[in-house]
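Please look through the structure shown here with the following explanation at hand. The text goes from ring pairs to a helix packing and then to a loop residue.

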Amino acid sequence: MDLFYWQLVYFLVKNRYRIIKLSNAPHEIWLESFEHKGAPLIRLVRYDIDWSSWLQRDLEYTRQIAEQLQKRHLRRSLPILNIYISAYPPVDDWEWIVNEPTEHSSLHTILVHSANQMQALQDISQIIHVSVSLPAIEHDMDPQFAIQSIQRHVFRLEKERQEKEKRLMEHGQPRIVYALIAIQVLMFLFLEWKGGSTNSAVLIQYGAKFNPLIQSGEWWRLITPVFLHIGFLHLLMNTMALYYLGIVVERLYGSWRFLFIYLLAGFFGTVGSFLFTSSISAGASGAIFGLFGALLYFGTVYRHLFFQTMGANIIGLIVLNLGLGLLIPGIDNAGHIGGLIGGFLAANIVHLPRHRSWSKQLLSFLVTLSLLSFSLYMGFKG
């Protein structure tokens, strides 16, 4: 059954499942599909089960791990396929344990033994929606040698996947980020020289968002506020956010995609502010929230990698910042939400490097164009 176990691991890894957890136990592996969103997590255990009491204890352990994984993935229900591979079934009554309904209705358990392998493979195929066919082994091949050969293939595939993910996270170099930071600082110094970055007249004169002037035709004020800041603290906070978030996003998307996302998100942020607030405003906050939106889009493409690396932190920061915007007067939450939407849509339009989905990208472009057109119409009409 050791050979069967590794044949099944190899089939799953070959079919774009990834190993997400190697237990301390010698023969327990967790796998996740990173292509089919609805596919269950799979736990494979190779153990010769003597008594059903062991099965009961292990199922309770599996439920605890399932709860931890649900919290990590921020999902209430995470389908899990729990597969035991044993040379023989337990000597006492065990079927009721596997089939017993529990509060974890998304947990399915299959016990594979020497007498039910074909039926078990059919059950597994039905649950993961992929026809399982184990790699062929030559009849005269030593089983231990075959196991070692399959193990090498499995770990080679895993290494290639890890290298691919590493390249994905380091696609571009953060050049545009530094240029944007330099522009922000220079514009701040310029405003200070001209009379002060907190002086309303100076802000209006040099491009801050001011609804009456936008409505009178100065449409460039929908983008120029992104590069202006009101006071040193405002500049400092946005510059730090741009530095830390911008480096991550530019490495993910590359420089020109990053610039498109940043500018479109900034534009969306100003439009949101134009629609819902009448006060003078400026700052890169909308564009920075757009970087959050771009990271959320990355999470829809590589959900497993997103939550494995930064997902929970990103979502927590978005919720925290929007919450502060509701509690603290003077924060332009409309601009933040507009930027978040704009960044997500912009990322949809450009997609990730070496990724193509023309129909989805075209649809995102049309949605973006329609939303902007409607928003501007409502803004100028009002």
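In which helix do Phe190 and Trp193 lie, and how many residues apart are they? Both are in helix H6, 3 residues apart, which is about one turn of the helix. The model is a predicted one.

The ring centres of Phe190 and Trp193 are 6.0 Å apart and the planes stand at 65°; angles over 60 count as edge-to-face, so this pair is edge-to-face. Phe190 has 27% relative accessibility and therefore counts as partly exposed. Trp193, with a relative accessible area of 65%, is exposed. The ring of Trp193 also has a charge over it: the charged end of Lys194 sits 4.5 Å from the ring centre.

Counted over the structure, there are 14 aromatic pairs. One of them joins Trp54 and Tyr84, again edge-to-face, with 5.9 Å from centre to centre and 75° between the planes. Trp54 belongs to helix H2 (residues 52-73) and Tyr84 to strand S4 (residues 80-85), so this pair ties together parts that are 30 residues apart in sequence. Tyr84 is buried, because its relative accessibility is 1% and the limit for buried is under 20%. Elsewhere, ring pairs link Tyr5, Trp6 and Phe155 into a cluster.

Next comes the packing of helix H6. Two packed helices are described by the angle between their axes and by the distance between those axes. For H6 (residues 175-194) and H9 (residues 232-253), the axes come within 9 Å and cross at roughly 170°. An angle over 145 degrees counts as roughly antiparallel, and H6 and H9 are therefore roughly antiparallel to each other. On the H6 side, the residues making the contact include Ile176, Leu180, Gln184 and Phe188. On the H9 side, Phe232, Leu242, Tyr243 and Ile247 are among them. By type, the residues of this contact divide into 12 nonpolar, 4 polar and 2 charged.

Val226 lies in the loop between helix H8 (211-215) and H9. Is Val226 buried or exposed? Its relative accessible area is 2%, so Val226 is buried. Tyr243, one of the H9 residues in the contact with H6, is 17 residues from Val226 along the chain, and the C-alpha atoms of the two are separated by 15 Å.

Note on methods. Residues numbered from 1 in each chain as written. Predicted model: local features only at pLDDT ≥ 70, side-chain atom pairs only at ≥ 80, totals over all residues. Heavy atoms only, no water. Axes fitted to C-alpha atoms, helices over the stretch in contact; angles between N-to-C directions. Helix = DSSP H or I, 4+ residues; strand = E, 2+ residues; numbered from the N terminus. Parallel < 35°, antiparallel > 145°, perpendicular 65-115°, else oblique. Contact = heavy atoms within 4.5 Å. Nonpolar A, V, L, I, M, F, W, Y, C, P; charged D, E, K, R; others polar. Phe/Tyr/Trp six-rings, centres within 6.5 Å; stacked < 30°, edge-to-face > 60°. Buried < 20%, exposed > 50% of the residue type's maximum accessible area, 1.4 Å probe, protein only. Lys NZ or Arg CZ within 6 Å of the ring centre and 35° of its normal.
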